[in-house]
Amino acid sequence: MPGNLIVENATELVTCSGFAAKYGSQMANIGIIPDGAVVIENERIGYVGPTSGLPADIDRTGFEVIDASGKAVLPGFVDAHTHFVFGGYRPEEFAWRLRGDTYMEIMARGGGIHNTVAATRKAGIEELTVAGRKRLDTMLSFGITTVEGKSGYGLDLDTEVKQLEVMIDLDDRHPVDIATTFLGAHAVPPNYKDQAKRYIDFIIADVLPEVTSRNLAEFCDVFCEQGVFSIDQSRRILKAAARSGLKLKLHADEIVPLGGAELAAELGALSADHLLHATDTGIAAMAGAGVVATLLPATAFCLKEPYARAREMIAQNCAVALATDLNPGSSFTLSIPMLAALATLQMGLSPEETITALTLNGAAALDRADTVGSLDPGKKGDLIILEYPSYHFIPYHTGVSIVEKTIKNGTLVFDKTCNEVPYGDASKC
Ligand code: NIG
Ligand code: FE
């Protein structure tokens, strides 16, 4: 029966147990149970513990049973920062950057985000939905069971709303849970060139009320960057969003050290994201305010920028999350294995810290640590089964996805050993 599942004999069960972000040295604690079992009933986790602790007389009728011997079992991954609904692609920009053009130069001459805005405005709902669904399918194959998605490729009322509606519709119809973010302040559109204040007035007066009154987004984000939105402008937008009931996020200190991390702390944001150039003061402020530092190493890699200082952040007692930043420009990837490789080999995270950053801390960055991100009784039955016996294989099998099965709400939704992605009908395998 969908939603009822027993996984037993897992060589290594990694629980990541917890109901809130893990800070600093706590990130290394991922809760390993050898020879573990998980019981999911009515989509929620019931039992988590050693297989030997399963009641001998457990009634297996109505349960799918998976023998995970020789395999590791972990919570589903939470990708807490993406821009996965967009029109068009920008492969030419990749080549221009290889040639030496910078991301901001390309944007300043009307490419970059503006290019995708034009394509997203043109795209119909069906086109955006089909492309979005395909990306969600790929996410499931990487073990992602919860994802955040941003607007920000409309920069006008209709298209911002269209992007959010597509995500809400996909959330209803696709196994991956989608948390939506309003990013109307992603760039100043060409028709407001040199009139950032007027554009911000428009966002606050016209778009934000539509988004909040129709419950289209849970979070508000701003691209706070030199040449995009200043600290003062970002503060104004985020304060208005908070007054309307949205939780806050921030693209912070990506290209220059502008003080985005400090602003996120000042406003009590859930997360500050990117942080390649966050200062010592910014890092201390995030730690003090409990802002989740959401790091996006695939973006640093693709832009050939230095990585965020994850080790300093953890030493200063920050909670660090890792996310793909999937978008058609700076990070056209949804590869969890690549993130794990970059986090460990380039940023110096341990395999355990990497797992926490991809699960519980990602959930905390979405204010969902009470329902996903770990294998704890009461949480959603979201888990992955690896082809190998230990989580150590995730960064070690460099760049290769080793997710064999993905389970969402207790139902098998991806199985590498099966030719079909069953979406709830394991009997097809
Ligand atoms: O997170 N930096 C701003 N926004 C995205 C990129 C968007 C794009 O280039 O289309 C990011 O990197
Ligand atoms: Fe982003």
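## Basis of the model

Residues are numbered from 1 along each chain as its sequence is written, while chains are lettered from A and ligands numbered from 1 in the order in which they are written. Because the model is predicted, local features need pLDDT of at least 70, side-chain atom pairs count only at pLDDT 80 or more, and totals for chains, interfaces and linings use all residues; side-chain values use heavy atoms, with hydrogens and water left out.

## Overall fold

The protein chain has 15 helices and 16 strands, taken as DSSP runs (helices H or I, at least four residues; strands E, at least two). Its radius of gyration, taken over C-alpha atoms, is 21 Å, close to the 22 Å that the globule rule gives for 429 residues, so the chain is as compact as a globular protein of that length. The rule is 2.2 Å times the number of residues to the power 0.38.

## Surroundings of ligand 1

Around ligand 1 there are 15 residues, each with a heavy atom within 4 Å of the ligand. The closest are Arg90, Tyr103, Tyr153, His274 and Ser330.

Oxygen atoms of ligand 1 lie 2.6 Å from a side-chain N or O atom of Ser330, 2.7 Å from one of Arg90 and 2.9 Å from a polar side-chain atom of His251. The protein covers 100% of the 330 Å² of accessible area that ligand 1 has on its own (Shrake-Rupley method, 1.4 Å probe).

Conventions. Polar contact = N/O pair within 3.5 Å; in protein donor to acceptor, adjacent residues only side chain to side chain.
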